[in-house]
Amino acid sequence: MLQFFTLGYMEEYLPIGAAVGVLCGAYTFFRTKGLIRALGKNPLSAKSCLLRSFLAVLNIPFCLNMWAPSCVLAFYIMLSGIIADILAFVFHKLLKKSGSRFYLAGGLAAVVFALLLVHGLYGMNRIVKTEYRVASKNVKNPYKIVFISDTHYGTIQNKALLTKAVDDINALSPDIVVLGGDIVDERTSKEDMQGVFADLGRLRPKFGTYFIYGNHDTQPYTVDLPNGERTFSDIELENAVTDNGIVILKENYAVVGGEMLLVGRGDYGWNVGSRASTEELILGAPEGMMRVMLDHQPLDTEKNAELGFELQLSGHTHGGQIFPYSVMHSLMGILNYGEYRFGDMTHITSSGFTGWGWPVRNAFYCEYVVVQVSPAE
Ligand SMILES: [Fe+2]
């Protein structure tokens, strides 16, 4: 229950949470005026104003942590109310009705909220395959790369979806599979951590499955840990990955097919301050190969393009997962979702296999990515 308010807490986002709280509070203060009037009381009396102020201020603790489910709930109640008010206004105009729209708006708000919830639950449990094409002057053969990131296994999504996706991906006969980080997180049990890598170990790509760490895999966010304690150790995680035939790229690279260099960068969040630069990672690496950067977060793209990379694969953003985070990411300059070009490099940010924190999604789909690499003409 505590995590309803504390999940994902980060001090630096307090001002944004406070701003959302003020917005939701102002809406509550304004909208409860109609509620009190509909109940036959004077909304402007001292007692009513005190009650309305209390309900308005109640939004602040709900919203202060902008990543918590409590903030999402408060925001979506406000959003449903605004949409319902607009619809009620339109209906009244069309039907040329006069008088209070309060009860119509209230009923519509409940319907809108329910529809948004159902749509969000559906979005969290539908997986799509998203395809991209990349041509490289440094390969002589085609390669099919499958990229799966951000499964956050055992937290908010039906686990059977991953098992089905593994079967679907095997049917595609991939050449390479990349697990792009955040496969597990703070709320994943040890049993689920071992289970997900056993399931992913069933993948049969021609040149192997490679894993890079995300910011959550080693459970560094203590505020989200059950009882404040990790559910598995670093070595237990490492063993679960490698025992299932999956190769860990932890600030090193692998050569695939004699013509592709897969570089696994240490995650920015997991490894802040000590992660090796791209220059350091490719020092002494063979030349004349297609360079592919695997970095959990979509960072350093321009630099990587300058260093001759032709493809970068990232996840982490979840495409924002729900409105308005999806819009905020783009406004913040984050490479939120999809394909971007930097010189000769294609960068792809996946929206991830699932979401994080809240069990709903309305921004982009849950997905795995298939990149068809072909020799340039
Ligand atoms: Fe992440």
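**Domains, sheet and helices**

Modeller: Happy to. Taken over C-alpha atoms, the centres of domain 1 and domain 2 are separated by 37 Å. Keep in mind that this is a predicted model.

Colleague: Which residues belong to domain 1 and which to domain 2?

Modeller: The domain assignment gives 3-123 for domain 1 and 125-375 for domain 2.

Colleague: And how many residues of each are in contact?

Modeller: On the domain 1 side there are 14, and they are in contact with 12 residues of domain 2. Helix H1 (3-6), helix H5 (69-94) and helix H6 (102-124) are the elements that give two or more residues to the side of domain 1 that touches domain 2. H6 gives the most, with six residues.

Colleague: How do the residues on that side of domain 1 divide into nonpolar, polar and charged?

Modeller: Eight are nonpolar, six are polar and none is charged.

Colleague: Let me zoom out for a second. How many helices and strands does the chain have?

Modeller: The secondary structure comes to 12 helices and 12 strands. The C-alpha atoms fill a box of roughly 80 × 50 × 35 Å along the principal axes. Of the 377 residues, 43% count as buried.

Colleague: Now the open sheet of six strands: what is the order?

Modeller: Reading across, the order is E1-E12-E2-E3-E4-E5, and the pairing is mixed. Strand E1 (127-136) and E5 each have a single partner strand, so they stand at the edges with one side left without a neighbour in the sheet. On average, neighbouring strands are turned by 25° against each other, direction ignored.

Colleague: In which sense do E1 and E12 pair?

Modeller: E1 and strand E12 (residues 366-375) pair in the parallel sense, over 10 bridges. For a spot to look at, Val 134 stands opposite Val 373 in E12.

Colleague: Which strands of the sheet does H9 touch?

Modeller: H9 packs on the sheet by touching E4 and E5, and its direction makes about 135° with that of E5.

Colleague: Which residues of H9 are buried?

Modeller: In helix H9 (residues 234-242) they are Leu 237, Ala 240 and Val 241. These three are on the same side of H9, because they cover an arc of only 100° around the axis. An α-helix has 3.6 residues a turn, so residues three or four places apart point the same way.

Colleague: Is Gln 194 buried or exposed, then?

Modeller: Gln 194 is buried, because 20 other C-beta atoms lie within 10 Å and the cut-off for buried is 20 or more. The C-alpha atoms of Gln 194 and Asp 243 are separated by 9.8 Å, although these residues are 49 apart along the chain.

Colleague: Last topic, the hairpin of E10 and E11. What does Gly 343 do there?

Modeller: Gly 343 takes a positive phi near 60° in that hairpin, which has two residues between the strands. Strand E10 (residues 338-342) and strand E11 (residues 345-349) pair in the antiparallel sense over five bridges, and Tyr 340 stands opposite His 347 in E11.

Colleague: Great, thanks!

Notes: Residues numbered from 1 in each chain as written. Predicted model: local features only at pLDDT ≥ 70, side-chain atom pairs only at ≥ 80, totals over all residues. Buried ≥ 20, exposed ≤ 12 C-beta atoms within 10 Å, placed from the backbone. Helix = DSSP H or I, 4+ residues; strand = E, 2+ residues; numbered from the N terminus. Arc of directions from axis to C-beta. Domains from an automatic or database assignment. Contact = placed C-beta atoms within 7 Å. Nonpolar A, V, L, I, M, F, W, Y, C, P; charged D, E, K, R; others polar. Pairing = 2+ DSSP bridges. Axes fitted to C-alpha atoms, helices over the stretch in contact; angles between N-to-C directions.
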